[in-house]
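Here is a quick walk through the model, from overall build down to single residues. Have a look at the structure first, then read on.

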Amino acid sequence: MAEGKKSFIAYSDWKATFDEMSNEDAGLLIKHIFSYVNDENPVSDNVLIRVAFAQFKQTLKRDLHKWEEQLDQRRQAGKRSAEKRAYRDWE
């Protein structure tokens, strides 16, 4: 995950995957997800967890990319705003 990012989006359509799993495997999967988003680089010997996580991982990466783009846009907007204020104050 990104430094300073304290949350992630879980989607309601993920429920179908969890519903098809045993409670034990579903628990392992959600722990794997939390480990991943906290930059712990999880590794699982469980094939089911690896396969199920692969689809979630792509979504999490896509969301992270969007978040990083939004963060950069906000930084740029803040810089432009500060420059405008500095210019106004100068006049």
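## Overall build

Of the 91 residues in the protein, 25% are buried, where buried means under 20% relative accessible area, exposed over 50%, and partly exposed in between (1.4 Å probe, protein chains only). Keep in mind that this is a predicted model: local features need pLDDT of at least 70, side-chain atom pairs count only at pLDDT 80 or more, and totals for chains, interfaces and linings use all residues. Residues are numbered from 1 along each chain as its sequence is written, and side-chain values use heavy atoms, with hydrogens and water left out.

The protein has three helices and zero strands, and its elements run α-α-α from the N terminus on. Helices (H or I, at least four residues) and strands (E, at least two) are DSSP runs, numbered from the N terminus.

## Size and surface

How does the radius of gyration sit against that of a compact globule of 91 residues? The globule would come in near 12 Å, but the protein has 19 Å. That radius is taken over C-alpha atoms, and the globule rule is 2.2 Å times the number of residues to the power 0.38. Along its principal axes, the C-alpha trace spans about 70 × 25 × 15 Å.

## Aromatic pairs

A pair of aromatic rings is described by the distance of the centres and the angle of the planes. The structure holds five such pairs. Rings of Phe, Tyr and Trp (its six-membered ring) pair if their centres lie within 6.5 Å; planes under 30 degrees apart count as stacked, over 60 as edge-to-face and the rest as tilted.

One of the pairs joins phenylalanine 8 and phenylalanine 34, edge-to-face, at 5.4 Å centre to centre and 75 degrees between the planes. This pair links distant parts of the chain, 26 residues apart: phenylalanine 8 lies in the segment before helix H1 (15–19), and phenylalanine 34 in helix H2 (residues 23–37). Phenylalanine 8 is partly exposed at 24% relative accessible area, and phenylalanine 34 is partly exposed at 43%.

Tryptophan 14 and phenylalanine 56 make a tilted pair, because their ring centres are 4.4 Å apart and their planes sit at 45 degrees. Here too the pair links distant parts of the chain, with tryptophan 14 in the segment before H1 and phenylalanine 56 in helix H3, 42 residues apart. Tryptophan 14 is buried at 8% relative accessible area, and phenylalanine 56 is buried at 0% relative accessibility. Ring pairs also link Tyr11, Trp14, Phe18 and Phe56 into a cluster.

Is threonine 59 buried or exposed? Threonine 59, in helix H3 (residues 47–90), counts as buried because its relative accessibility is 15%. Leaving aside neighbours within four places in sequence, threonine 59 is in contact with Tyr11 and Trp14.

Leucine 48 is also in helix H3, and counts as partly exposed at 40% relative accessibility. Not counting residues up to four places away in sequence, leucine 48 touches Met21 and Asp25. Leucine 48 and alanine 26 are 22 residues apart in sequence and 9.8 Å apart in space, C-alpha to C-alpha.

Terms used:
Contact means heavy atoms within 4.5 Å.
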